[in-house]
Amino acid sequence: MRKSKLKIIFIIFAIYFVLDLSLTNLIFKKTQLWKSTDKVDHYWRIKSEIYHHDLMPNIDVIEHVNIFTLRLVTNSIGFRDFEKKKIEKENKEQKRVLLLGDSFIEGSGYDYEYTIGGLIQNKLGDKFEVLNGAVGSYSPGVYYLKTKHYIDQGYKFDYALVFLDVSDIYDELFLDYSKDKSKIINYDYTKTIYIRSFYNVGDFLTTNTLLFRSLLLLSDQTEVLKNYIKLKYKASKEFNKPFFKTTKEDTLFFRMLTIDRGYWTFNEKTYTKVKDGLKKSDYFLKNLYDLFEKNNIKSYLIIYPWPTQIFYGDDKHETYWKKFSKKNNINFISLYDQFQNNNKRKFIIDNFILGDVHWNKNGTIRIFKGLDKKDIFNEISSLE
């Protein structure tokens, strides 16, 4: 009797599955509602066999980043730019400025004209060529390996601005290198045949059936709601407000302050966990600046705070890299002084994307003006 019921259930499910599969591919997948829930394929963000990941050369695409939509254009070597163009190995007509950094310098969320790279290019003018080698989630090991790769290929640079982010130290914890430190060799778990097969089946079901697509969306939205409620509760405790009087702005502001990658600069427990990342960052930045010196590239190390450092302070990041730069004779620029204000909450919301740690347009301009106040552009121009 039990086997009979199971057989009936199996037959009903099989019939439903075939109907769902057929209707989804014949009707549902053609609707705008279905297309709006498709997983975006950022095919232009590619793997690098040497320095982990990069942007595809010569692309001109529309990219969606959270609530933002931007135009992403790269030149012939995959560096973000105003337009697709050929980059020669040596530019005899213009001095070259290499930018290195992570998503802040890539310009997360904005068209290139509103990013630090675009602003610097417009400031320096036609006598200079700014090459923006920054990509999201880069860190010191990537900066070194990517720069070395292009120098080994014969590319020439005159100046280099390295923007060291607070999260770079944390990111180094998750990178594994070959024994000779010549490339990143992180093991890709999806290469395991069983796990890869599992994900392939899941992708097929959510791409071709209404049932599994609906379950996935429900699961995602439930997770978002659960995380928001948890964050709102923590925000109410932090700001000493009743839960139901804690606003969305309170919650998102609290999120800006508590992203784990920024905690290590003032929290001893977190700092202990990232010491290995700090050691690796020190090693690769030392090698990077030795590489600059060997190739006669005038270079700078630039740091800036997250909302976390502005609100809670910083006992580690700024001090460490100031000493590092002095010890290794590196031109050091701290932009922490550009982010000081008595009304910290209002100041942070005015200069950063709400709920995020990246600069908004005001924050980007503040970084740019901070560099200008430090006379970095005058220094570059005078050394022309």
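**Entry 1: strands β8 and β9**

I started with strand β8, residues 298–303, and looked up what holds it to β9. Four bridges join the two strands, and they run parallel. I picked I302 and looked for its bridge partner in β9, which is I333. I note here that the model is a predicted one.

I then traced the whole sheet. It is open, has five strands in the order β6-β5-β7-β8-β9, and pairs in parallel fashion. Which strands are at the edges? They are β6 (128–132) and β9 (331–334), and each of these pairs on one side only. From one strand to the next, the twist averages 20 degrees. For my own reference, strands of a sheet pair through backbone hydrogen bonds, either parallel or antiparallel.

**Entry 2: helix α4 on the sheet**

I next looked at what lies across this sheet. Helix α4, residues 116–124, lies across β5 (95–100), β6 and β7 (159–164). Relative to β6, α4 runs at about 170 degrees.

I looked at G118, whose place is in helix α4. Is G118 buried or exposed? The relative accessible area of G118 is 0%, so I put it down as buried. Leaving out residues up to four places away in sequence, G118 touches F82, Y112 and E113. I also checked the pair G118 and F82: they are 36 residues apart in sequence, and their C-alpha atoms are 7.5 Å apart in space.

**Entry 3: α4 against α15**

I stayed with α4 and turned to helix α15, residues 361–373. The axes of α4 and α15 come within 9 Å and cross at roughly 40 degrees. Because of that angle, α4 is oblique to α15. The crossing of α4 and α15 is right-handed.

Which residues make the contact? From α4 they are I116, L119, I120 and K123. From α15 they are T364, I365, I367, F368, L371 and D372. I sorted the residues of this contact of α4 with α15 and got seven nonpolar, one polar and two charged.

**Entry 4: α5 against α11**

Helix α5 (residues 140–152) packs with helix α11 (residues 275–294) at an angle of about 25 degrees, and their axes are 8 Å apart. I therefore list α5 and α11 as roughly parallel to each other. The crossing of α5 and α11 is left-handed.

On the α5 side, I noted P140, G141, Y143, Y144, T147, K148 and I151. These meet S281, F284, L285, N287, L288, L291 and F292 in α11. The residues of the contact of α5 with α11 divide into nine nonpolar, four polar and one charged.

**Entry 5: helix α9**

How many of the ten residues of helix α9 are buried? I found seven, and I list α9, residues 248–257, as mostly covered. The buried residues in α9 are D250, T251, L252, F253, F254, M256 and L257. I then looked up what they pack against, and the partners are α8 (210–238), α12 (307–312) and α14 (344–351).

**Entry 6: two single residues**

I looked up T270, which has its place in helix α10, residues 268–273. T270 has 16% relative accessibility and so counts as buried, the cut-off being under 20%. With residues up to four places away in sequence not counted, T270 touches D260, Y263 and W264.

S76 is found in the loop between β4 (68–73) and β5. Where residues up to four places away in sequence are not counted, S76 touches P57, N58, K85, K86 and I87. I also checked S76 against E90, which is 14 residues apart from it along the chain; their C-alpha atoms are separated by 14 Å.

**Entry 7: the chain as a whole**

The secondary structure of the protein chain comes to 16 helices and nine strands. Along the principal axes, the C-alpha atoms fill a box of roughly 85 × 55 × 40 Å. The protein chain has 384 residues, of which 44% count as buried. Of the contacts in the chain with a separation of 6 or more, 70% are accounted for by residues 24 or more positions apart.

How values were computed:
Residues are numbered from 1 along each chain as its sequence is written. This is a predicted model: local features need pLDDT of at least 70, side-chain atom pairs count only at pLDDT 80 or more; totals for chains, interfaces and linings use all residues. Side-chain values use heavy atoms; hydrogens and water are left out. Two strands pair if DSSP finds at least two bridges between them. Axes are lines fitted to C-alpha atoms, for helices over the stretch in contact, and angles run from 0 to 180 degrees between N-to-C directions. Contact means heavy atoms within 4.5 Å. Angles under 35 degrees count as roughly parallel, over 145 as roughly antiparallel, 65 to 115 as roughly perpendicular and the rest as oblique. A crossing is left-handed if the near helix is turned anticlockwise from the far one by less than a right angle, and right-handed if clockwise. Ala, Val, Leu, Ile, Met, Phe, Trp, Tyr, Cys and Pro count as nonpolar, Asp, Glu, Lys and Arg as charged, and the others, Gly among them, as polar. Buried means under 20% relative accessible area, exposed over 50%, partly exposed in between (1.4 Å probe, protein chains only).
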